[in-house]
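Here are my notes on the model, point by point. Please read them with the structure open.

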2 protein chains.
Amino acid sequence: MAVYTEVSDEELAAFLAGYDIGELLSFKGIAEGVENTNYYVQTEAGAFILTLYEKRVAARDLPFFLGLMEHLAERGLPAPTPVRDRKGRVLQELAGRPAALVSFRDGLWVRRPRPSHCALVGRSLARMHLAAADFAPRRANALSLAGWRELFATIGEDAERVAPGLAALIKDELSFLAGAWPKGLPEGVIHADLFPDNVFFLGEEVSGLIDFYFACNDLLAYDVAICLNAWCFEAPKEFNITKAKALLRAYGEVRPLTRAEYDSLPILARGAALRFLLTRVHDWLHTPADALVRPHDPLAYLERLRFHQSVASARDYGLDPQ
Amino acid sequence: MAVYTEVSDEELAAFLAGYDIGELLSFKGIAEGVENTNYYVQTEAGAFILTLYEKRVAARDLPFFLGLMEHLAERGLPAPTPVRDRKGRVLQELAGRPAALVSFRDGLWVRRPRPSHCALVGRSLARMHLAAADFAPRRANALSLAGWRELFATIGEDAERVAPGLAALIKDELSFLAGAWPKGLPEGVIHADLFPDNVFFLGEEVSGLIDFYFACNDLLAYDVAICLNAWCFEAPKEFNITKAKALLRAYGEVRPLTRAEYDSLPILARGAALRFLLTRVHDWLHTPADALVRPHDPLAYLERLRFHQSVASARDYGLDPQ
């Protein structure tokens with residue numbers, strides 16, 4: 001949560017002059033979002049989010065992300081809609097950063113999701129998978145098996161500083177997953193980071209799906225496995241099967257999992273836990289002490305990985321085969 | 001800029017249930033304000049700022065600050081209006097902190113004020129001084145002569161770590177100001193921290209005066225001297241007399257300075273520079289490396305202090321005696 005890049009009065013005025021959205025009424029840095037700088041922008045035409053993309057987002061990927069958001073919004077998904085300037089452009093440059101203005105989505109993210117929220121997020125995820133089926137651009141998942149290996153190569157024995165035995169555990173898990181990772185499952189565009197702070201609720205509806213900056217083409221069921229990790233644990237070790245059942249059932253009502261996807265869920269969940277374990281270990285080791293953002297605790301994902309290692313079949317997630 | 005205190009879903013729901021402001025539509029941490037945690041709150045009834053007061057604000061002072069904001073707003077000043085709950089209360093407790101909900105003020109603070117902004121802020125400051133004249137509660141200025149001495153006692157020779165010779169310079173300045181500080185000037189409620197980020201503009205009007213959490217009873221002209229320091233320097237050493245003239249003239253059109261105030265301006269400006277130098281040196285020395293907020297550079301105020309030390313009379317600020 002931070003504003004990494006300040007925008008001067010002149011830069012902001014010049015930027016907004018390119019849009020047909022009336023006079024500026026308010027402009028405030030938002031303390032949400034770990035990767036990029038976000039400003040709340042209010043004009044005579046409504047409310048917007050202005051995002052300045054920081055180093056971790058590759059500029060070449062932005063047309064994919066912004067195109068996907070527009071594609072989903074056009075199909076009725078509550079993704080932020082990129083706003084086009086007077087020349088029809090979405091992607092801009094501001095204060096030396098790539099930047100884009102998108103519509104503001106009402107709603108609140110829940111700090112402690114209940115099973116009803118998990119059901120709603122399962123349904124939204126399936127709708128997103130279906131709505132993105134005809135989205136033509138492609139982006140490989142930089143954080144799948146090969147990416148995990150590269151990331152671990154930069155970590156190595158330093159993982160021991162996070163927890164004794166962690167380096168060996170990750171190495172073994174990488175070997176296991178390299179052999180066990182499923183092939184031939186349905187693919188498509190996945191969100192790949194659908195954590196609670198990226199889903200807004202208004203009453204009993206999902207009013208916003210945000211932060212598509214990890215979206216990519218990969219196994220659809222892997223996105224479900226990420227959500228199992230992100231939404232269905234009470235504490236590092238406590239798997240809430242009621243929440244998982246709600247999430248998986250609601251997903252399946254919109255897009256039934258194939259039998260092969262169902263059978264692969266435990267492996268995919270291990271992969272998802274390892275993916276977040278690795279990025280968190282990396283951030284934990286590389287965040288300078290004076291950084292504006294405190295890194296997440298990696299150990300929550302070590303415990304989740306251990307949980308999934310102990311799972312016998314997808315039935316342990318509360319879902320019967322379909 | 002930080003969110004120091006997180007609010008849980010349940011705490012937020014219980015808090016808002018006490019108000020008659022409709023359903024919650026949005027809730028976002030704001031990356032502005034150094035001392036407290038601020039959330040942008042949107043409900044069916046409009047937009048608000050929810051402030052959770054962190055340790056540096058004394059809870060016993062909050063009725064003064066909130067009462068002052070209400071007093072000023074009732075008199076047409078663009079201060080945030082504290083919102084009363086169903087029981088008529090302004091001051092609440094939320095997530096273990098004192099908290100209050102106030103109206104959201106449209107507008108933008110200017111990163112680089114122009115002379116026209118300085119004139120507008122001078123006029124607003126004078127209007128505030130007049131509007132607060134019948135505000136009965138009193139609060140002593142904890143950051144005047146005695147407070148500076150106490151603060152310096154906690155710093156002492158550590159000031160040398162900020163700049164060589166700084167400890168002696170501060171000591172000398174404290175002695176000088178103790179003898180030279182004016183007595184008998186007009187007193188009243190001052191803002192005491194009216195920096196550019198605490199003033200919002202919409203077009204050619206001041207649309208918001210915020211952050212009254214240093215407000216207190218003191219010499220009115222000392223508030224003017226704080227604004228000279230805060231608004232009229234281009235860089236640490238470069239005094240912009242055009243801006244100062246604009247600020248002082250506009251102030252005087254609403255509330256003319258007495259001759260004694262005019263004559264005291266250089267001393268008051270030295271005091272104001274020393275006040276911010278001291279708090280910045282203190283923060284510089286005491287901010288842990290992993291803090292969410294980076295301290296301001298103290299040396300800008302050392303340079304301003306030196307500038308005011310070199311001033312012969314208030315004429316050097318661009319203002320003729322009145």
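1. First, a term. Two strands count as paired if DSSP finds at least two bridges between them. Note also that this is a predicted model. In chain B, E1(B) and strand E2 (residues 37-43) are joined by five bridges and run antiparallel. Within this pair, B:Ser26 lies opposite B:Gln42 of E2(B).

2. The pair belongs to an open sheet of five strands in chain B, ordered E1-E2-E3-E5-E4, with antiparallel pairing. Which strands stand at the edges? They are E1 (24-29) and E4 (92-94) of chain B. Each has a single partner strand, so one side of each is left without a neighbour in the sheet. On average, neighbouring strands of this sheet are turned by 35 degrees against each other, direction ignored.

3. Now the contact between the chains. Chain B gives 25 residues and chain A gives 25 residues. On the side of chain B that touches chain A, E1(B) supplies the largest share, six residues. That side of chain B holds 14 nonpolar, four polar and seven charged residues.

4. Turn to chain A. The axes of helix H4 (residues 145-155) and helix H8 (residues 259-286) of chain A come within 10 Å and cross at roughly 30 degrees. Angles under 35 degrees count as roughly parallel, and H4(A) and H8(A) are therefore roughly parallel to each other. Their crossing is left-handed.

5. Which residues of H4(A) meet H8(A)? They are A:Trp148, A:Leu151, A:Phe152, A:Thr154 and A:Ile155. Their counterparts in H8(A) include A:Leu274, A:Arg275, A:Leu278 and A:His282. The residues of this contact of H4(A) with H8(A) divide into eight nonpolar, three polar and one charged.

Conventions:
Residues numbered from 1 in each chain as written. Chains lettered and ligands numbered in written order. Predicted model: local features only at pLDDT ≥ 70, side-chain atom pairs only at ≥ 80, totals over all residues. Helix = DSSP H or I, 4+ residues; strand = E, 2+ residues; numbered from the N terminus. Axes fitted to C-alpha atoms, helices over the stretch in contact; angles between N-to-C directions. Contact = placed C-beta atoms within 7 Å. Nonpolar A, V, L, I, M, F, W, Y, C, P; charged D, E, K, R; others polar. Parallel < 35°, antiparallel > 145°, perpendicular 65-115°, else oblique. Left-handed = near helix turned anticlockwise from the far one by under 90°.
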